[in-house]
Structure formats: structure tokens, C-alpha cells
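I open the notebook on a new structure.

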Amino acid sequence: MRSFKSLWIVVVALTLFSCSMSAKPEKNEKEKSSAQAEVIALNKADFLLKVYNYEKNQTQWVYEGNKPAIVDFYADWCGPCKKVSPILKELAVQYKDDIVIYKINVDDEKELASAFGIQSIPTLLFIPKTGKPQIAQGALSKEQFVEQIDNFLLKK
């Protein structure tokens, strides 16, 4: 009985040890940094804080961010929006140090959509660090996004 108890303790200890060793290793630094680069969903409060407080600045555009940005006005049911979404995710990783990419669901944030006169989706707002934003309507290709980012937002 005693040897069975000893054997049982050894088996349990080995099982616990092997389970801890087979746990997934921590992500490396590159994976961590790319995981942080994402398209950020905004609600009205976040938009007013991070992008443009149209309640405070009703007559003049004042960008609240510290990096150029893209705002994607979209809806979950929208086919062209679904095509743009993975492109924006790729661009968020590619330009993670240079721009911020936001998304706003027009079905959830009707007031924001109305404030910008959004009548078709996707509608994309390209916001340079200084100066006035530009609006593009419809799905853009990755090449068109890169051109807008490089030429208008980053002025390369």
C-alpha cells in the first residue's frame, strides 16, 4: 500500500510538471508589438476625446490625436466594409508607429454618423496631424490606402 501511495505521488508530480512544461511559451517581442497594432473601435465618448470634439469646437476642426489617423465608418452587415476590414488590420500592423486606425459602427453610433453626414459605407476619414481631413467613400484597395497614407497622412 505504501509503495502504491509513493508511486501515485510520483505520477501526479510528473503529470503536473509535464503539463507546466507543455504550456504555450510567451510570445516573442515581435508578436507582442504586432498584437498591439490593431484597429481600435470607438464610441462617441472616445471619438470626442481622441479624434475631434465637435461639441466643443463646432466651427473649426481641431484634431485631438498625436498621430495621423484613419477612421472607418462601417457596419457589420456591409459587404464592402467586410472587404476593407482585413486591409485595415494589415495597415495597422504595417504603420503601427506612424498612424492610428479607428473604426466606428454606424449602427451603434448613429450620432457620430450623422455629425459627419455619413450616408454610404464604408466611408473613410483620413486625418493628418495638422490640417483638414479628407473623406473617401467606398471600399479602397490596399494600394489606394497606402497611397493616401504615404502622400496625404505622412507626406512622404
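**Entry 1: salt bridges**

Which side chain meets Glu 55 in a salt bridge? I looked it up, keeping in mind that this is a predicted model. The partner is Lys 44, with N to O at 2.6 Å. Glu 55 sits in the loop between α3 (44-50) and β2 (69-74), and Lys 44 sits in helix α3, so the pair ties together parts eleven residues apart in sequence.

Next I checked accessibility for both ends. Glu 55 has 41% relative accessibility and counts as partly exposed. Lys 44 has 22% and also counts as partly exposed. The cut-off for buried is under 20%, so 22% puts Lys 44 in the partly exposed class.

I then looked for other partners of Lys 44. Lys 44 forms a salt bridge with Glu 111 too, the closest N and O atoms being 2.8 Å apart. This pair links distant parts of the chain: Lys 44 is in helix α3 and Glu 111 in helix α5 (residues 110-115), 67 residues apart. I noted Glu 111 as partly exposed, at 42% relative accessible area. I recorded Lys 44, Glu 55 and Glu 111 as a network of salt bridges.

How many salt bridges does a search of the whole structure find? It finds four. I followed up one more of them. Glu 90 pairs with Lys 142, and their closest N and O atoms are 2.9 Å apart. Glu 90 lies in helix α4 (residues 79-94) and Lys 142 in helix α6 (residues 142-153), so this bridge ties together parts that are 52 residues apart in sequence. Both ends came out partly exposed: Glu 90 has a relative accessible area of 42%, and Lys 142 has 27%.

**Entry 2: α4 against α6**

The axes of α4 and α6 come within 10 Å and cross at roughly 40 degrees. That angle makes α4 oblique to α6. The class follows because angles under 35 degrees would count as roughly parallel. I logged the crossing as right-handed.

Which residues make the contact? From α4 I listed Val 84, Ile 87, Leu 88, Glu 90, Leu 91 and Gln 94. From α6 I listed Lys 142, Phe 145, Val 146 and Ile 149.

**Entry 3: Leu 153**

I stayed in helix α6 and picked Leu 153. Is Leu 153 buried or exposed? Leu 153 is buried, with a relative accessible area of 5%.

I left aside its neighbours within four places in sequence and listed the contacts of Leu 153. They are Pro 68, Ala 69, Ile 70, Ile 99, Phe 126, Ile 127, Pro 128 and Gln 148. I also took one C-alpha distance. Leu 153 and Lys 67 are 86 residues apart along the chain, and their C-alpha atoms are separated by 9.2 Å.

**Entry 4: the disulfide**

Last, I looked up the cysteines. A disulfide is a covalent bond between the sulfur atoms of two cysteines. The count here comes to one disulfide. It joins Cys 78 to Cys 81, with S to S at 2.5 Å. I noted that 2.5 Å is also the cut-off for a disulfide. The angle about the S-S bond is 75 degrees, and the link of Cys 78 and Cys 81 is right-handed.

Are the two ends buried or exposed? Cys 78 counts as buried, at 4% relative accessibility. Cys 81 counts as buried, also at 4%.

Key: Residues numbered from 1 in each chain as written. Predicted model: local features only at pLDDT ≥ 70, side-chain atom pairs only at ≥ 80, totals over all residues. Heavy atoms only, no water. Buried < 20%, exposed > 50% of the residue type's maximum accessible area, 1.4 Å probe, protein only. Helix = DSSP H or I, 4+ residues; strand = E, 2+ residues; numbered from the N terminus. Axes fitted to C-alpha atoms, helices over the stretch in contact; angles between N-to-C directions. Parallel < 35°, antiparallel > 145°, perpendicular 65-115°, else oblique. Left-handed = near helix turned anticlockwise from the far one by under 90°. Contact = heavy atoms within 4.5 Å.
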